[in-house]
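Subject: Two-chain model, handover and notes

Hello,

Here is the structure for your files. My notes on the interface and on one residue follow below it.

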Amino acid sequence: MARHVMDFERPIIELEEKLAELKRLEIAGMPELASEIEGLEAEIERLRQTLYAALSPWEKVQVARHPERPKTQDYLEMLFTDVVELHGDRHHGDDEAIVAALATFDGRRCVVLGHRKGKTTKENIRRNFGSPHPEGFRKAQRAMKLAEKFGLPLVTFLDTAGAYPGIEAEERGQAWAIAECLATLSDLAVPVVVVGIGEGGSGGALAIGFGDRLIMLENAYYSVISPEMCALILHKDASRAAESASCLAMTADDLVRLGIADEVVKEPLGGAHREPEVVFARVAEAISRALTELCGSDGAALAEKRYARLRAIGVVAEGE
Amino acid sequence: MPINDWFKARENRKYTVTSSASGDLPDGVWVKCASCKHTLYQGDLARGAWVCPHCAHHFEMNAPDRVALLADDGSFEETDAGLTSVDPLRFNAAKPYTESLAKAREKSGLTEAIITGRAAIGGHPVVLGAMDFRFIGASMGSAVGEKVTRAFELAEAEQRAVVLVTASGGARMQEGMLSLMQMAKTSAAAERLARARLPYVSVLANPTTGGVTASFAVLADVVLAEPGALVGFAGPRLVEQTTRQSLPKGFQTAEFLMEHGMVDAVVPRPDLTVTLATVLDYLTGGCVAAGGAS
Ligand SMILES: [Zn+2]
């Protein structure tokens with residue numbers, strides 16, 4: 001499969017292509033290339049360690065947006081069984097940018113919500129590249145209430161560039177739909193476990209993006225504004241997004257430092273798409289731990305704790 | 001009640017509009033109306049609640065003027081006046097956040113982008129909040145989020161209604177994720193007030209966009225908006241750029257939103273105080289005891 005190459009990893013990819021070529025020649029009857037191959041392999045490994053092990057925030061954003069990165073649908077298929085998808089907001093339509101489902105995690109019945117990016121261009125157009133309209137949020141809110149009514153824990157997966165800034169989205173109350181999700185989620189009397197798997201774009205992510213635990217993949221981001229938009233506002237120049245990404249404190253580690261996220265799930269060198277199975281196993285383990293800790297609690301106590309958790313977020317000074 | 005008395009009672013308006021005595025602005029300063037281009041004396045404008053006498057254009061109103069307009073005379077008692085933003089991320093792109101904060105404080109004379117306090121409106125005890133667009137576009141960072149949250153909590157503790165006048169460019173990006181989370185925090189506080197069955201009325205003023213719209217601003221029991229106010233999630237320019245479509249006439253104005261079912265009423269500013277007082281009469285005056293499961 002033709003792999004999507006991120007700019008910053010181009011040196012590695014070029015060496016990997018050269019290596020493949022040398023190996024082909026070696027097999028084709030040039031055994032004298034063996035030592036050169038060995039040297040190249042060592043160089044690639046060295047480069048991988050230095051390049052991938054210390055990604056800048058902007059490089060992480062690119063990993064988070066990598067088209068082959070595991071998506072909500074993959075987690076739903078790999079981590080859950082007996083999935084029944086629930087469609088529609090009961091007002092206007094079914095927004096395929098958000099999936100809602102009844103699903104079983106390791107024997108535990110849950111409600112799952114997630115932003116859904118497509119895997120092909122065609123699917124992406126149908127799913128609006130994972131950017132929801134109000135219908136998506138209203139479907140999500142309906143699923144939240146269903147979870148609460150029947151005592152099912154809620155597990156959500158975040159992967160959106162943001163709520164869609166469209167004419168119809170505004171006409172049908174994008175802000176209202178998001179706000180209502182926030183209010184509903186804030187005192188939902190069941191455990192809420194949130195997993196940031198890719199992009200966490202602003203209000204569109206937040207609408208299903210806070211709860212009793214926030215688990216972030218190492219290269220996932222979560223931000224008040226996209227780095228490009230931030231650069232556009234600050235410098236009138238979207239190409240300075242790398243600088244903005246460093247200022248916005250949007251990486252998984254930043255979120256833990258700010259007391260917003262609880263844990264970071266390590267990704268394989270180069271990103272989750274390099275070895276998805278490893279990531280699925282680690283995410284499953286993190287969700288399992290969170291649900292085990294939370295499921296014994298009484299619903300009202302959970303909501304109360306969640307409020308205290310939100311209440312503590314923010315840094316202010318109190319003078320006279 | 002005999003039918004004649006009934007009609008007579010209808011004639012007796014319960015409230016009269018008090019003028020918004022708006023400080024001591026010099027009469028000699030001219031302001032040009034952005035809508036009809038008439039040149040107006042600033043003092044006249046202030047006495048007329050910052051509404052153009054020629055075309056009824058609603059000028060943006062700062063927070064102290066807004067409080068003076070809405071609160072019963074002498075009733076306002078500010079809370080959390082000393083609560084301010086700091087610079088938790090040491091944000092330093094283009095211009096240091098600390099510099100923006102200092103400039104905003106100097107320009108507005110305020111410590112943050114919202115004033116909150118106890119007040120009475122038409123005799124109803126409320127917690128009143130007014131945002132001030134001059135303060136970094138009245139964006140919501142930790143301090144605005146905290147003050148709004150405390151406003152809801154104070155109202156619940158003292159069994160007051162909440163009235164918030166919003167105007168905001170959205171979340172304050174200089175505080176990154178701490179700002180985004182204020183949307184969740186303020187919405188959670190609004191939800192708790194709702195569970196306590198205390199009234200919350202919001203007034204969406206020009207402009208209310210982004211994270212403030214998509215959180216506490218629209219979670220009110222009754223959502224009012226000022227004529228012509230721009231209200232939305234995404235700003236119109238972003239919508240235009242993203243969709244490459246020309247925007248419908250009046251897109252994202254208060255009137256447009258009312259047409260689409262998003263706000264309860266568009267209220268001209270001279271009627272705002274009376275409308276708020278009347279709405280509060282209803283929301284605090286039910287004759288059936290609240291009961292049953294929440
Ligand atoms: Zn005018």
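How many salt bridges are there between chain B and chain A? The count is five, a salt bridge being a side-chain nitrogen of Lys or Arg within 4 Å of a carboxyl oxygen of Asp or Glu. One of them joins E304(A) to R192(B), with 2.9 Å between the closest N and O atoms.

First, the conventions. This is a predicted model, in which local features need pLDDT of at least 70 and side-chain atom pairs count only at pLDDT 80 or more, while totals for chains, interfaces and linings use all residues. Residues are numbered from 1 along each chain as its sequence is written, chains are lettered from A and ligands numbered from 1 in the order in which they are written, and side-chain values use heavy atoms, with hydrogens and water left out.

Interface

In chain B, 59 residues are in contact (heavy atoms within 4.5 Å) with 50 residues of chain A. The buried area is about 4800 Å², and carbon and sulfur atoms give 72% of that. Buried area here is the accessible area (1.4 Å probe) that two parts lose on being put together, summed over both. M173(B), M177(B) and F233(B) supply 15% of what chain B buries against chain A, more than any other three residues.

There are 15 residue pairs in polar contact across the interface, both residues at pLDDT 80 or more. A polar contact is a pair of N or O atoms within 3.5 Å; within protein, one must be able to donate a hydrogen and the other to accept it, and residues adjacent in sequence count only if both atoms are side-chain atoms.

On the side of chain B that touches chain A, α6(B) has the largest share, 16 residues. Helices (H or I, at least four residues) and strands (E, at least two) are DSSP runs, numbered from the N terminus.

Strand β8 of chain A (residues 316-318) runs antiparallel to β4(B), joined to it by three bridges; strands pair if DSSP finds at least two bridges between them. V316(A) has S85(B) as its bridge partner in β4(B).

Y222(A)

This residue sits in the loop between β6 (213-217) and α10 (227-235) of chain A. Y222(A) is buried, at a relative accessible area of 0% (buried means under 20%, 1.4 Å probe, protein chains only). Beyond its neighbours within four places in sequence, its contacts include L158(A), M250(A), M177(B) and L180(B). A polar atom of the Y222(A) side chain lies 2.8 Å from the backbone oxygen of G209(A).

Regards

Definitions and conventions: Buried < 20%, exposed > 50% of the residue type's maximum accessible area, 1.4 Å probe, protein only.
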